[in-house]
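Please look over the sequence and the structure shown here before reading on. The text then goes through them step by step.

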Amino acid sequence: MEYPTRNEVAKVKPFYRFCAGFLFFFSLLEVLLVCFIMFIEPFELMMLFGVVIGLVLSHISGSVLFTGSAPKYLLFTHGTKSDN
């Protein structure tokens, strides 16, 4: 499967960038809190799963927030750029 480039797809609209910023903030907060809980509570494997999920979510939402487009492996979700 050939992925489109960032130049071929449209940027995300400001409302969705705001939502991505909201999600980015809370996913980073989740990662920090789970890391803190890992030090004060007995270790459980699901804590690592929570950190991994939070890091992936913050990577995707941070990419949308700061660049206006999804990471390369999710660019197929964008619409094509209109040449008006």
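The paragraphs below start with the whole chain and then turn to single residues.

The model is a predicted one. Its secondary structure consists of 2 helices and 0 strands. The radius of gyration is 16 Å, well over the 12 Å that the globule rule gives for 84 residues, so the chain is more spread out than a compact globule.

How much of the chain is buried? Of the 84 residues, 27% count as buried. The chain exposes about 6,400 Å², and 72% of that area is supplied by carbon and sulfur atoms. On the charged side, there are 6 positive and 6 negative side chains, with the centres of the two sets 15 Å apart. Contacts in the chain can also be sorted by sequence separation: among those with a separation of 6 or more, 69% are accounted for by residues 24 or more positions apart.

The aromatic rings come next. A search of the whole structure finds 4 aromatic pairs. In one of them, the rings of Phe22 and Phe26 have centres 4.8 Å apart and planes at 75°, so this pair is edge-to-face; planes over 60 degrees apart are counted that way. Both residues lie in helix α1, which covers residues 14-40, and they are 4 residues apart, about one turn of the helix. Phe22 is exposed, with a relative accessible area of 51%, while Phe26 counts as partly exposed at 40%. Ring pairs also bring in Phe25, linking Phe22, Phe25 and Phe26 into a cluster.

Another pair is formed by Phe24 and Phe66. Their ring centres lie 5.6 Å apart and their planes are at 85°, so this pair too is edge-to-face. The pair links distant parts of the chain, since Phe24 is in helix α1 and Phe66 is in helix α2 (residues 45-67), 42 residues apart. Which of the two partners is buried, and which is exposed? Phe24 is buried, with a relative accessible area of 19%, just as the cut-off of under 20% requires. Phe66 counts as exposed, at 58% relative accessibility.

Not counting residues up to four places away in sequence, Phe24 touches Ser58, Ser61, Gly62, Leu65 and Phe66. For one of these, Leu65, the C-alpha atom is separated from that of Phe24 by 8.0 Å, although the two residues are 41 residues apart along the chain.

Ser69 lies in the segment after α2 and counts as buried, at 5% relative accessibility. What is Ser69 in contact with, leaving aside its neighbours within four places in sequence? The contacts are Arg6, Val12, Ser63, Val64, Leu75 and His78.

Asn7 is found in the segment before α1. Is Asn7 buried or exposed? At 62% relative accessibility, Asn7 counts as exposed. Asn7 and Thr80 are 73 residues apart in sequence, and their C-alpha atoms are 9.4 Å apart in space.

Key
Residues numbered from 1 in each chain as written. Predicted model: local features only at pLDDT ≥ 70, side-chain atom pairs only at ≥ 80, totals over all residues. Heavy atoms only, no water. Rg over C-alpha atoms; globule rule 2.2 N^0.38 Å. Buried < 20%, exposed > 50% of the residue type's maximum accessible area, 1.4 Å probe, protein only. Contact = heavy atoms within 4.5 Å. Areas by Shrake-Rupley, 256 points an atom, 1.4 Å probe, with all protein chains shown as cover. Lys, Arg positive; Asp, Glu negative; His and termini not counted. Charge placed at Lys NZ, Arg CZ, Asp CG, Glu CD. Phe/Tyr/Trp six-rings, centres within 6.5 Å; stacked < 30°, edge-to-face > 60°.
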